[in-house]
Amino acid sequence: MSLEINSKMKNFKRFAYIIGALIPFIALAEDMPEYDLTIQNIFAIINGLVCWAARMSYLLMIVMLVYSGVMFFLSNGEPAKVTKAREGLKWVAIGIAVVLATYTIIATVANAVGVPDVSRFLPLHC
Amino acid sequence: MRRHIIYLAIAIAIIWIVPMLSSYANAATCQLTNITWTQESAKIGDLVKYKIDGKNCSLEKVHVVVWSDHSGSSDTREAEFDVYFPREGAVFISDWRVANSNPFTNASLYLVASINSSGSGTSVDSSKTGTIKYLKVAPVIDQNPTVTITDFSITPITIPANEATRLKVTFKAKVDSPLYFIARCSGVQAFMIDGAGNKVYTQAIKPVSATNPNYSFDFNHDYTAGGDGVVAFRGKLECIGSAIVVLPTSSSVPITIGKGGGTGTGNTGAPGTPGTTQNYQFTVPNWLKGQPSSLTDLLDIIAKWLFNLAIPVAVGLIIWAGVLLMTAGANPANVKKGGAILKWVAIGLAIIFINKGFISLIRSVLELGNK
């Protein structure tokens, strides 16, 4: 799980690859329809990205659950590995709880500081 | 341990394969029972729906042909495509973008659907069994295109007399329906005419597009000016094609040559009276959207803005924290990071939720000084 992405140079290289891959699309941009980009659209774009991230995290939940299950399998009963797998599963469970409780957390904070109508902006329209 | 994994794999394989096999075993032969349009008439380019009924046609491939009915002579194919029944296999509704190979005449279109096997119920024909047998398509020639000149402007608007000057002309036009336009005009030609209606400039013919409604005829023209005066130019469009379409002429754009035109004589005026001081009031329009009239109003708008932005960002951050915790495993750095994100999101949210509260809080603190 620990990828070496701390090096800034590596990050920059990745960015450059992505931009490079997009160059053919820049050539296509002439044929693309015109959009009026207003500030409201930016809200909608952020909203859409967050919705996408939420869906990805739901997928990740299943992947991580399966992964921790596999860790149990591979522990082969060795106490050290079992402990490690159990620890992993605990944090997977906590992570899942946090992702699923996103709106509950926001609503709780809102309620604590006395925002009258939470349903006005929660949940996001995905 | 390995044995357990193998058993598990076998169990999963059985659980997946059995329903698959049973669905194959149950598959009866597909029979189409009916096909129909859902509307009687349409224009070219419209999306129209059609409906196919069938029995046991789950996921079956159906070949659909749209025929144009020419009573007497042989019918022609307008479109052909393959569609797939949904899993339920009873009713299939889809849409088709109306096309007509001969857009200048009336057309009656009917549908024939068939499946790739022999026997009864393998082919249905909307002209025989459909509740709406034919889709009537009016010829595009009956529809008149409307062309508007959206921009006609010339720079510079003042030119020196008795010499050639380069005029930069911006000339743009828009068609309401490109399809109707192309049915009548194959090409479109732009002109610049002067006040007397003489063609000063003629541009090469541009082909008409079936999809793009916008036309741009921008050009540079070296205009040789006469003596001082004013000349009014107009942009004019003409249609090149079999049918006549009257295309518009723009309103005139006056260009001043030299000192401008107009001569005259007048009486000598009476001596002027000294001026008096006058007041002139003017207002600057409020160009801020939402029309804030005070600093508090402006703060309100900014707070609302931040609020709208904060909710999705907070959701995203909480999800990110959750993901960090999930993938932490036994890695305490990520656990710490996820926890910190959660804490600061909660604090940030609290501040943004309080927003207006701060204003009234500061106000009430300041008002304490007056007591």
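Helices here are DSSP runs of H or I with at least four residues, strands are runs of E with at least two, and both are numbered from the N terminus. With that in hand, hello everyone, and let's start at the tail of chain A. P123(A) lies in the segment after α4 (102-113) of chain A. A cis peptide bond joins L122(A) and P123(A), with omega about -10°.

A word on what we are looking at. This is a predicted model, in which local features need pLDDT of at least 70, side-chain atom pairs count only at pLDDT 80 or more, and totals for chains, interfaces and linings use all residues. Residues are numbered from 1 along each chain as its sequence is written, while chains are lettered from A and ligands numbered from 1 in the order in which they are written.

Now, the two chains. Chain A has four helices and zero strands, and along the sequence its pattern reads α-α-α-α. Chain B has five helices and 19 strands.

How much of each chain is buried? A residue is buried if 20 or more other C-beta atoms lie within 10 Å of its own, exposed if 12 or fewer, and partly exposed in between, with C-beta atoms placed from the backbone. Of the 126 residues of chain A, 15% count as buried; for the 371 residues of chain B, the figure is 23%.

I will also talk about contacts: two residues are in contact if their C-beta atoms, placed from the backbone, lie within 7 Å. In chain B, take the contacts with a separation of 6 or more: residues 24 or more positions apart account for 68% of them.

Let's go to the helix pairs. Two packed helices are described by the angle between their axes and the distance between the axes. The axes are lines fitted to C-alpha atoms, for helices over the stretch in contact, and angles run from 0 to 180 degrees between N-to-C directions.

In chain A, helix α2 (residues 39-75) packs with helix α3 (residues 79-100) at an angle of about 165°, their axes 9 Å apart. Angles under 35 degrees count as roughly parallel, over 145 as roughly antiparallel, 65 to 115 as roughly perpendicular and the rest as oblique. So α2(A) and α3(A) are roughly antiparallel to each other. The crossing of α2(A) with α3(A) is left-handed, a label used if the near helix is turned anticlockwise from the far one by less than a right angle, with right-handed used if clockwise. Among the residues making this contact are M61(A) and L65(A) of α2(A), and A85(A) and L89(A) of α3(A).

For residue classes, Ala, Val, Leu, Ile, Met, Phe, Trp, Tyr, Cys and Pro count as nonpolar, Asp, Glu, Lys and Arg as charged, and the others, Gly among them, as polar. By class, the contact of α2(A) with α3(A) has 11 nonpolar, four polar and one charged residues.

Between those helices there is a loop, and N76(A) lies in it. Phi of N76(A) is near 60°, a positive value in a residue other than glycine. N76(A) counts as exposed because it has 10 C-beta neighbours inside 10 Å.

On to chain B. Helix α4 (residues 295-326) and helix α5 (residues 332-368) of chain B pack at an angle of about 165°, with axes 9 Å apart. That makes α4(B) roughly antiparallel to α5(B), and their crossing is left-handed. The contact of α4(B) with α5(B) has 19 nonpolar, four polar and two charged residues.

What does the record say here? The unreviewed UniProt entry annotates residues 305-328 and 340-362 of chain B as "transmembrane region"; positions follow the numbering used here, feature names are shortened, and annotations may be inferred rather than shown by experiment. In the model, residues 305-328 of chain B are 92% helix, and residues 340-362 of chain B are 100% helix.

F307(B) counts as partly exposed, with 15 C-beta neighbours inside 10 Å. F307(B) and I352(B) are 45 residues apart in sequence and 6.4 Å apart in space, C-alpha to C-alpha.

Finally, which helix of chain B gives the most to the side that touches chain A? In total, 29 residues of chain B are in contact with 33 residues of chain A. The helix giving the most is α4(B), with 15 residues. By class, that side of chain B has 23 nonpolar, six polar and no charged residues.
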